[in-house]
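Thanks for making the time this morning. I would like to walk you through one model, beginning with the overall picture and then moving to a few individual residues.

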Amino acid sequence: AREELVRSLRALKRDVSFLVVFFSDDCYPMPGSTLQLATPGNIEIAANWIESTSLGWGTKPLASVQLAYAQEPDAIFLLTDGEFADRTAKFLRDENSEKGPKMASVHTIAFQSRDGIRLLKRIARENSGQFRYVPAGS
């Protein structure tokens, strides 16, 4: 997942902004904690951080999603290996419903486990996003 994320960042055009925020039991934003232009320097800083950051085993994305959402992004990509039991889905539904057509699309990607598929499909559907499942070993 980390290799694919870095590859995706390196494919961004320079006029695009990005922010990577990891989560487990807490929120782990990349250096700067705000949207960064996709310059080679910013991508290398993010890539080094992505490759060196270690996380716990929890699955509580709410604080990370709130941080990302506060940046007023066009899209959020939520990658998780399981079902989470916090208010992330409700937060996104409530915040995005107020924005109407200017909502942030929330794309969800389940990997390794099928446990969270139903919830992730619902989050994507409610937030003009797409869902994808990536089985282990893909």
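Let me start with burial: of the 138 residues in the protein, 38% are buried. Please keep in mind throughout that this is a predicted model, and that what I describe has been computed from it.

As for overall dimensions, a compact globule with 138 residues would have a radius of gyration near 14 Å, and the protein has 14 Å, so the two agree. Taken along the principal axes, the box that the C-alpha atoms fill is roughly 35 × 35 × 25 Å. The protein exposes about 8,400 Å², and 50% of that area is supplied by carbon and sulfur atoms. If we consider the contacts with a separation of 6 or more, residues 24 or more positions apart account for 58% of them.

Turning to secondary structure, the protein has five helices and seven strands, and the order of the elements, read from the N terminus, is α-β-β-β-β-α-α-β-α-β-α-β.

Now to the aromatic side chains. How many aromatic pairs does the count come to? The count comes to two. In one of them, Phe22 and Trp49 have ring centres 4.8 Å apart and ring planes at 20 degrees, and because planes under 30 degrees apart count as stacked, this pair is stacked. Phe22 lies in strand E2, residues 21-23, whereas Trp49 lies in helix H2, residues 40-52, so the pair ties together parts that are 27 residues apart in sequence. Phe22 and Trp49 are both buried.

Tyr69 and Phe91 also form a pair, with ring centres 5.6 Å apart and planes at 80 degrees, and since planes over 60 degrees apart count as edge-to-face, that is how this pair is classed. Here too distant parts of the chain are linked, for Tyr69 is in helix H3, residues 62-70, and Phe91 is in helix H4, residues 88-99, which puts them 22 residues apart. Are these two residues buried or exposed? The cut-off for buried is under 20% relative accessible area, so Tyr69, with 6%, is buried, and Phe91, at 16% relative accessibility, counts as buried as well.

There is one further ring to point out, that of Tyr133: Arg114 lies over its face, at 4.6 Å from the ring centre.

Let me move on to Ser105, which lies in strand E6, residues 105-111. What does the side chain of Ser105 reach? It reaches the backbone oxygen of Ser128, at 3.4 Å. If we leave aside the neighbours within four places in sequence, the residues in contact with Ser105 are Asp74, Ala75, Ile76, Asn127 and Ser128.

Ser128 lies in the loop between helix H5, residues 117-126, and strand E7, residues 131-134.

Glu72 is another residue other than glycine with a positive phi, in this case near 55 degrees. Glu72 lies in the loop between H3 and strand E5, residues 75-80, and, because exposed means over 50%, Glu72 counts as exposed at 61% relative accessibility.

That is what I wanted to show you, and I am glad to go back to any of these residues on the screen.

Notes. Residues numbered from 1 in each chain as written. Predicted model: local features only at pLDDT ≥ 70, side-chain atom pairs only at ≥ 80, totals over all residues. Heavy atoms only, no water. Phe/Tyr/Trp six-rings, centres within 6.5 Å; stacked < 30°, edge-to-face > 60°. Helix = DSSP H or I, 4+ residues; strand = E, 2+ residues; numbered from the N terminus. Buried < 20%, exposed > 50% of the residue type's maximum accessible area, 1.4 Å probe, protein only. Lys NZ or Arg CZ within 6 Å of the ring centre and 35° of its normal. Rg over C-alpha atoms; globule rule 2.2 N^0.38 Å. Contact = heavy atoms within 4.5 Å. Areas by Shrake-Rupley, 256 points an atom, 1.4 Å probe, with all protein chains shown as cover. Polar contact = N/O pair within 3.5 Å; in protein donor to acceptor, adjacent residues only side chain to side chain.
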